[in-house]
Amino acid sequence: MKQFFGRMMNSAPAPQPTRRTFLKMTAGATAGGFLLGLNLPATARADGMADGTAKDMFTPFIKVMPDGQVIVLDKHLDMGQGNATGLATLVAEEMDASIEQVSAEFAPAAPAYFNLFFGVQGTGGSTAIANSFMQYREAGASARAMFVAAAAEAWKVPASEITIKNGVISHASGKSGGFGEFVEAAAKQPVPEKPAVKDPKDWVYIGKAFPRVDNKLKSTGAVDTYTMDFQPDGLVVAVIARPPKWGAVVKSFDASEAKKVNGVIDVIQIPRGIAVLAQSTWPAIKGRDALNITWDDSAAEKRSSDQLFTEYRNLADKPGMPADVRGDTDTAMASAAKTLEMTYEFPYLAHAAMEPMDVAIQFNGTHATIWAGSQFQTIDQQVAATVLGIPPENVTVNTLWAGGSFGRRATADSHVAAEAASIAKAWGKQLPIKVVWTREDDMTGGYYRPMYVHKVKLGLDGSGNQVAWQHRIVGQSILSGTPFESVMVKDGVDETSVEGTAHTDYDLKNLRVELHSPKVGVPPLWWRSVGNTHTAYVMETVLDVIAKESGRDPLDLRRELLKGSPRLLNVLNVVAEKADWGKKPAEGRYRGIAVHKSFNSYVAEVAEIALEDGEVKVKKVWCAVDCGIAVNPDVIAAQMQGGIGYGLGAVLRNEITLTDGVVDQTNFDTYTPLRMEDMPEVEVHVVASAEAPTGVGEPGTPPIGPAVANAVFAATGTMPTILPFSRTGLSS
């Protein structure tokens, strides 16, 4: 797991292997098809893989079937963000296949499919296309070369005279054929050592919009698309009674009434609670309701949200661990003509993915098979193997499509896979078991974006210009206690807590960023855009306060401070132009602007709002994004739109609160996502770029909160510093 999130977040671009050796499997291995595999070089292993894991690696990225169908094996989880379509596009491009003949399926869990940034197989940090761009293009280019060689050999013509267009292999003599006709011959060709990929000027598909490969699958409700739909013969459903407070354990329980429920098969105690096994979900839930459990909560977390906020605010008054120090903040602050202090509060947030957590498992005593929307296949595999007491290679992970995640499925402890393995081991029968989390389980059982308090003290000169910026952040460490702590917690600073504030691209004078990471029993987890969700809000709203104090336009202030960051400056200028920023909005409308870099992508947004009965209504959002080469602009626009809607829900009304350590919200009636009528018109502009692709799954979310807040500031003169807006009456 070395270098995992250090690369995942905002640092290095995708490592590009300098030497590749391609191997191929025999045609018979795919029932007459052709599989092309990639043996990653030592340089790639050094960037992420454990020593020795790639020595015997031989796993395919492309399958070509006898009927000419091209199947791209996606090493990532597609939870709605569209990476399967993107990878299929890359392969189609380099093979010169018809886009219609290319489809995608998920790769098995294996070292060959490691995320080059992570060192494990996993999806997150908006890295799917970024780390696979060259890998899948080169795989496609190799396949094309082998089909060309096979056709040339069959037709006894020079390979240089062979062309491929829309999946048709042709020669000037009039001979032609499809991939399917040359499957076996192509499989016998040597694999190119250094496959030549296309020059961008020759791209046919990259940069153009095509329908997603999962459209039909999802729109027709195909069987076993999602784990929740997975229904093999003999399936047993398990739901688990977990402690109502984190840290509590089972003291005693009585399952006699639960076992009387029609359909209940068995009741088992596992480390995380009491599991009820039944013929289907409903009797499992009813059986769980009938359990009589006494919990020992002597070591449980019992604090309420209000108490935690009070403790956090007190901590923010004290110096924390330094995360970024520029100049001499104390001296500059002492000599400032004016000082301002602002305290921000951000609540816990649930991921609230449409498909709750679920994992299916079948264990025969020596081998286990898992079916799940697995986001960290390697960790799921290893955790299940550990629980079952078998080698990891004896655990097969079948990745299914996932109905959203926003970070929820990427847990360092793979707790749902652990639960499934615990039940399978304890029960001892070989039937498939599916662990189902209900919406209430997921809402009340963790894991959450941590709550945060930011305290900013500004020093201003006589003209209102910033001369000192002291910024203290208080919030739980997501990484503490996980395998990632040794990599990403440096000198007591969790990078995910301060990213977006520490090392900001803004040219700020005398900046000091400090961090407190209090211990709380609530399990934290990265939430879409991770730390940027709160840091961008504070940074961008404080800038508007400075702009007002100095009498400058917020856009002009940002332009001045971003002279050394051309890509941020460019998206800022693009969105300002598209929104016609200098023009006064219609009567009763107000605008705010924000720009932020996250996951190596650059996004600027302008939000236009109205205040109706004192509540904020977001009417329109303009968005400009620079994510490098745009593989599929439609997918990018969709991710920006989705990220904006997701972020708006958090800004307006989403929060998880605790009363005596118990979560108050249980379902979408009390944790209301953005509704259709709340979604503004969104206009997305994808900036043309020749830079390597970067992420789009998350960067659309951070700027929307401050853009809306700055519009409120423009409308009312008061900057919202308490989220969500519903806490202060700005939203319902």
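Here is a chat about the cores, cavities, a pocket and a few residues of this predicted model.

Student: Before we start, what kind of model is this, and how are residues numbered?
Tutor: It's a predicted model, where local features need pLDDT of at least 70, side-chain atom pairs count only at pLDDT 80 or more, and totals for chains, interfaces and linings use all residues. Residues are numbered from 1 along each chain as its sequence is written, and side-chain values use heavy atoms, with hydrogens and water left out.

Student: OK, how many residues are in the largest nonpolar core?
Tutor: That core has 81 residues, and Leu 458, Trp 469, Val 542, Val 708 and Phe 725 have the most contacts inside it. A nonpolar core here is a set of buried Ala, Val, Leu, Ile, Met, Phe, Trp, Tyr and Cys residues joined through side-chain atoms within 4.5 Å. Buried means under 20% relative accessible area, exposed is over 50%, and partly exposed is in between, with a 1.4 Å probe and protein chains only.

Student: Which helix gives the largest share of this core?
Tutor: Helix H15, residues 532-550, with 8 residues. Helices (H or I, at least four residues) and strands (E, at least two) are DSSP runs, numbered from the N terminus.

Student: Switching to holes: how many cavities of 30 Å³ or more turn up?
Tutor: The search of the whole structure finds 2. On a 1 Å grid over the protein atoms alone, a cavity is a set of points where a 1.4 Å probe fits but cannot get out, while a pocket is an open set with protein on both sides within 12 Å along at least five of seven lines; lining residues have an atom within 4 Å of a point. Grid points are joined across faces, edges and corners, and a volume is the space filled by probe spheres set on the points.

Student: What lines the largest cavity?
Tutor: Its volume is about 150 Å³, and 16 residues line it, with Thr 533, Gly 647, Ala 650, Val 651 and Leu 723 nearest its centre. H15, helix H18 (633-652) and H19 each supply at least two lining residues. By class, the lining has 11 nonpolar, 4 polar and 1 charged residues. Ala, Val, Leu, Ile, Met, Phe, Trp, Tyr, Cys and Pro count as nonpolar, Asp, Glu, Lys and Arg as charged, and the others, Gly among them, as polar.

Student: Is Leu 723 buried or exposed?
Tutor: Leu 723 counts as buried, because its relative accessible area is 6%. Leu 723 sits in the segment after helix H19 (704-716) and touches Glu 345, Phe 346, Pro 347, Tyr 537 and Val 651, not counting residues up to four places away in sequence.

Student: What about the second largest cavity, which helix gives the largest share of its lining?
Tutor: H11, with 3 residues. The second largest cavity has a volume of about 120 Å³. Strand S17 (358-363) and helix H11 (415-427) each supply at least two residues of its lining, which divides into 5 nonpolar, 6 polar and 3 charged.

Student: And the second largest pocket, what's its volume?
Tutor: About 860 Å³. Of the 43 residues that line this pocket, Arg 242, Pro 243, Trp 246, Arg 272 and Gly 445 are the closest to its centre. H12 gives the largest share of the lining, 3 residues, and by class the lining is 24 nonpolar, 11 polar and 8 charged.

Student: How many disulfides are there?
Tutor: The search finds 0 in the whole structure, where a disulfide is a pair of cysteine sulfur atoms within 2.5 Å. For Cys 623, the nearest cysteine sulfur is that of Cys 627, 9.8 Å away. Cys 623 is buried at 0% relative accessible area, and Cys 627 counts as buried at 2%.

Student: Last one: where is Asp 664?
Tutor: Asp 664 is in the loop between S31 and strand S32 (681-686). Asp 664 is partly exposed, with a relative accessible area of 36%. Asp 664 and Thr 444 are 220 residues apart in sequence, yet 7.8 Å apart in space, C-alpha to C-alpha.

Notes: Contact means heavy atoms within 4.5 Å.
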